[in-house]
Amino acid sequence: MIKVLITGGAGFIGSHVVRRMVNSYPQYHIFNLDALTYAGNLENLKDVASAANYTFVKGDITDAAFVQNLFAQHDFTYVIHLAAESHVDRSISNPIAFVMTNVVGTVNLLNAAKHVWSGSFEGRRFYHVSTDEVYGALGETGMFTEETKYDPHSPYSASKASSDHFVRAYHDTYGLPVVISNCSNNYGSHHFPEKLIPLAIHNIKNNKPIPVYGKGENVRDWLWVEDHARAIDVILHKGKNGETYNIGGHNEWKNIDLIHLLCKIMDKKLGRAQGESAKLITFVKDRAGHDMRYAIDATKLKSDLGWVPSLQFEEGLEKTVDWYLSNQEWLDHVTSGEYKKYYTDQYEKR
Ligand code: NAD
Ligand code: TYD
């Protein structure tokens with residue numbers, strides 16, 4: 001029996017990875033380790049919760065003893081590590097939480113794998129899921145490749161860069177079988193509405209201002225989350241130890257253009273006159289240290305492992321809007337409680 005540990009499986013991307021692994025590999029047993037922070041939500045996994053090859057474990061990766069015990073108890077073959085504090089704006093107001101989970105939590109997992117796997121790394125793999133934000137910001141041209149020097153600017157990207165360095169250090173120092181991927185911005189269902197796309201969908205639906213930072217000229221490269229989950233599956237099974245793979249959509253959008261496209265789709269779906277939702281666009285104070293442009297060159301992943309994105313952005317965005325419009329209960333649950341305070345602090349006190 002191949003046991004797979006997925007950390008952060010109750011979050012946005014993690015839930016798509018868990019679903020894919022549970023459904024595609026009945027011969028594997030999938031363990032989802034998640035602390036269920038504000039970003040973790042078991043409702044994301046209702047459809048697989050009772051699958052015979054799935055177990056949820058509530059726990060915190062910053063707790064070294066707990067992590068060691070879990071590894072000692074289960075002889076994991078693969079680890080797919082996604083658990084993280086993931087929102088740049090939160091990292092600006094509370095960097096320490098990012099150091100704890102993203103850096104200390106990652107090193108706890110590496111230590112446990114090294115300890116429990118010692119003497120038998122054969123066939124094992126520690127897969128660290130990271131971000132393109134570690135490479136810093138681009139000007140109008142160029143793309144991030146796997147050789148681009150790290151140059152993180154936000155506390156979030158600095159913590160992810162640090163965790164990437166630790167993962168490589170465990171490979172180079174102890175021979176731990178690791179693989180890393182750095183992906184561009186994801187979008188799709190189950191995305192917590194603190195990030196641009198789900199926040200805008202939620203606000204448009206409720207006729208609330210759509211906050212656009214600065215002039216809306218920053219550029220992001222958007223990838224459908226299920227394409228990311230598929231890339232993770234391919235890299236887990238076919239990637240080479242010690243390698244890094246960039247994952248991206250070749251799909252760059254200026255924030256303001258993306259918001260206009262979203263408004264157009266929402267007008268259509270909500271039966272509003274064209275142009276109605278765009279009236280909600282509100283330019284607000286820019287994010288501190290706001291990276292201007294991200295763009296990923298995913299050539300290596302295509303040429304070495306044959307992965308390419310499957311969905312066009314307009315199609316994916318429409319699917320995403322449909323999901324949010326038909327999952328009001330999910331949205332109600334995640335936007336009650338802590339979310340209200342976050343929203344007031346982040347947007348109404350700016
Ligand atoms: P998310 O914030 O939606 O989910 C993070 C999950 O980790 C949550 O379920 C949370 O409960 C869990 N978690 C947080 N702290 C924990 C702890 N101490 N112990 C155990 N579990 C904990 O994040 P996401 O957007 O799904 O991102 C997942 C991973 O992918 C992260 O490592 C992130 O850096 C990376 N990534 C994200 C994007 C993106 O666009 N969202 C792009 C590239 C890479
Ligand atoms: P976000 O979804 O937070 O992802 P990241 O910062 O990891 O790229 O933000 C995407 C882009 O949208 C980024 O340039 C910041 C901008 N943005 C806004 O303009 N308004 C918002 O309310 C948010 C959350 C983001």
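A backbone N or O atom of Gly 11 lies 2.9 Å from an oxygen atom of ligand 1, a polar contact (a pair of N or O atoms within 3.5 Å; within protein, one must be able to donate a hydrogen and the other to accept it, and residues adjacent in sequence count only if both atoms are side-chain atoms). The model is predicted: local features need pLDDT of at least 70, side-chain atom pairs count only at pLDDT 80 or more, and totals for chains, interfaces and linings use all residues. Residues are numbered from 1 along each chain as its sequence is written, chains are lettered from A and ligands numbered from 1 in the order in which they are written, and side-chain values use heavy atoms, leaving out hydrogens and water.

**Ligand 1**

- An N or O atom in the side chain of Asp 34 is 2.5 Å from an oxygen atom of ligand 1.
- The side chain of Asp 60 has an N or O atom 2.8 Å from a nitrogen atom of ligand 1.
- On its own, ligand 1 has 820 Å² of accessible area, and the protein covers 96% of it (Shrake-Rupley method, 1.4 Å probe).
- Helix H1 (12-24), strand S5 (125-131), helix H5 (155-174) and strand S7 (185-187) each give two or more residues to its shell. Helices (H or I, at least four residues) and strands (E, at least two) are DSSP runs, numbered from the N terminus.
- The ligand is surrounded by 29 residues, and Ile 13, Asp 34, Ser 86, Tyr 156 and Lys 160 are the closest. A residue counts if one of its heavy atoms lies within 4 Å.
- The shell holds 13 nonpolar, 13 polar and three charged residues. Ala, Val, Leu, Ile, Met, Phe, Trp, Tyr, Cys and Pro count as nonpolar, Asp, Glu, Lys and Arg as charged, and the others, Gly among them, as polar.

**Ligand 2**

- Around ligand 2 there are 18 residues, with Glu 133, Arg 220, Arg 287, His 290 and Tyr 347 nearest.
- A polar backbone atom of Pro 211 is 2.8 Å from a nitrogen atom of ligand 2.
- H6 and strand S8 (210-213) each give two or more residues to the shell. S8 gives the most, with three.
- By class, this shell has eight nonpolar, five polar and five charged residues.
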